[in-house]
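Work through the following exercises with the sequence and the model side by side.

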Amino acid sequence: MVNDATQWITQALGINEAPVIWLTDIDDTLIDTKAMHGEAAPALISLIAQMIGRAQAVSLIDRFQEIFDELLSAHQRAGGSEEPKTHLDDRVEACQADIRTQWGVTKRFSREVLLWLAAQDSKVTLNAEQLASAADAYWQHMTRNPLVFSDAVELFAAIKERTGRHPLLMTSSDARFT
């Protein structure tokens, strides 16, 4: 087992010893996450309406957007420093207690959890299959409709020019193969 990430990716991709460029967390660095969420969330209304009715679906999605925006706003205000926990953070973590126990971390922006909390707040019941279906549809929309920042292409060109290599992109475990 290879313990060094650079060694692992070099072996896995069969590349030479040239430097490997890592860009992690493309949210708000290469793509406009808030704007993409603003488009993806309402796109779920028709799917969720089939499960629970239109009025409840609209209410749930409105709350989903509010929750996401509140968490994102707190995250952006912190500017990379340790941000104070909010009641909403506590709710997100409570939904992932088993994950924290096993892995030591939680996913603050887990869309499944945020949809679950929005459903609770909207007095709507969604089962695990319905939540998974909604989250998958959300990520499919995000994947098919990226809003890339205009300077992202320039960044990639500069990395290629300086290193002779194209960047490799990695994202968090939220990512879905769609």
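The exercises below go from the overall fold and its confidence to the core, single residues and salt bridges.

The model is predicted, and local features need pLDDT of at least 70, side-chain atom pairs count only at pLDDT 80 or more, and totals for chains, interfaces and linings use all residues. Residues are numbered from 1 along each chain as its sequence is written, and side-chain values use heavy atoms, with hydrogens and water left out.

**Exercise 1. Fold and confidence**

Task: Describe the secondary structure of the protein, and state which element has the lowest and which the highest mean pLDDT.

Solution: Begin with the elements, where helices (H or I, at least four residues) and strands (E, at least two) are DSSP runs, numbered from the N terminus. The protein holds 9 helices and 2 strands, and their order along the sequence is α-β-α-α-α-α-α-α-α-α-β. Next, turn to pLDDT, the predictor's confidence in each residue, from 0 to 100: the average for the protein is 82, and 78% of the residues score at least 70. Among the elements, strand S1 (residues 22-24) has the lowest mean, 59, whereas helix H3 (residues 45-52) has the highest, 97. Finally, residues 173-178 have a pLDDT below 50, although the model gives this stretch 12 contacts beyond near neighbours in sequence; a contact means heavy atoms within 4.5 Å.

**Exercise 2. The buried side of H3**

Task: Find the buried residues of H3 and state what they pack against.

Solution: Apply the burial cut-offs, by which buried means under 20% relative accessible area, exposed over 50%, and partly exposed in between (1.4 Å probe, protein chains only). In H3 the buried residues are Ile 45, Ile 48, Ala 49 and Ile 52. They lie on the same side of H3 because they cover an arc of only 110° around the axis, the arc being that of the directions from the helix axis to the C-beta atoms. These buried residues pack against helix H2 (33-43), H4 and helix H8 (128-144). After H3 comes Gly 53, with a positive phi near 100°.

**Exercise 3. The largest nonpolar core**

Task: Which residues of the largest nonpolar core touch the most other members, and which helix gives the most to this core?

Solution: A nonpolar core is a set of buried Ala, Val, Leu, Ile, Met, Phe, Trp, Tyr and Cys residues joined through side-chain atoms within 4.5 Å. The largest such core has 37 residues, of which Ile 48, Leu 60, Ile 61, Phe 64 and Leu 115 touch the most other members. At least two core residues come from each of H2, H3, H4, H5, H7 and H8, and H4 gives the most, with 8 residues. As an example, the contacts of Ile 61, not counting residues up to four places away in sequence, are Ala 41, Pro 42, Leu 44, Ile 45, Ile 48 and Leu 115.

**Exercise 4. Two residues in their surroundings**

Task: Is His 37 buried or exposed, and which residues does Val 113 touch?

Solution: His 37 is found in helix H2 and counts as buried, with 1% relative accessibility. Its contacts, leaving aside residues up to four places away in sequence, include Phe 64, Phe 68, Arg 111 and Tyr 138. Val 113, in helix H7, is also buried, at 10%. With residues up to four places away again left out, Val 113 touches Val 92, Cys 95 and Gln 96; its C-alpha lies 6.8 Å from that of Cys 95, which is 18 residues away in sequence.

**Exercise 5. Salt bridges**

Task: How many salt bridges does the whole structure contain, and which residues are joined into one network?

Solution: A salt bridge is a side-chain nitrogen of Lys or Arg within 4 Å of a carboxyl oxygen of Asp or Glu, and a search of the whole structure finds 5. Arg 63 pairs with Glu 66 at 3.2 Å, N to O; because they are 3 residues apart in helix H4 (residues 54-78), about one helical turn separates them. Arg 63 also pairs with Asp 121, with closest N and O atoms 2.7 Å apart. This second pair links distant parts of the chain, Asp 121 being in helix H7 (residues 111-121) and Arg 63 in helix H4, 58 residues apart. Glu 66 is partly exposed at 46%, as is Asp 121 at 29%. In another bridge, Arg 108 meets Asp 89 at 2.7 Å between the closest N and O atoms. Arg 108 lies in the loop between helix H6 (97-103) and H7, and Asp 89 in helix H5 (residues 87-95). Arg 108 is buried at 16%, and Asp 89 is buried at 7%. Shared partners join Arg 63, Glu 66, Arg 91 and Asp 121 into one network of salt bridges.
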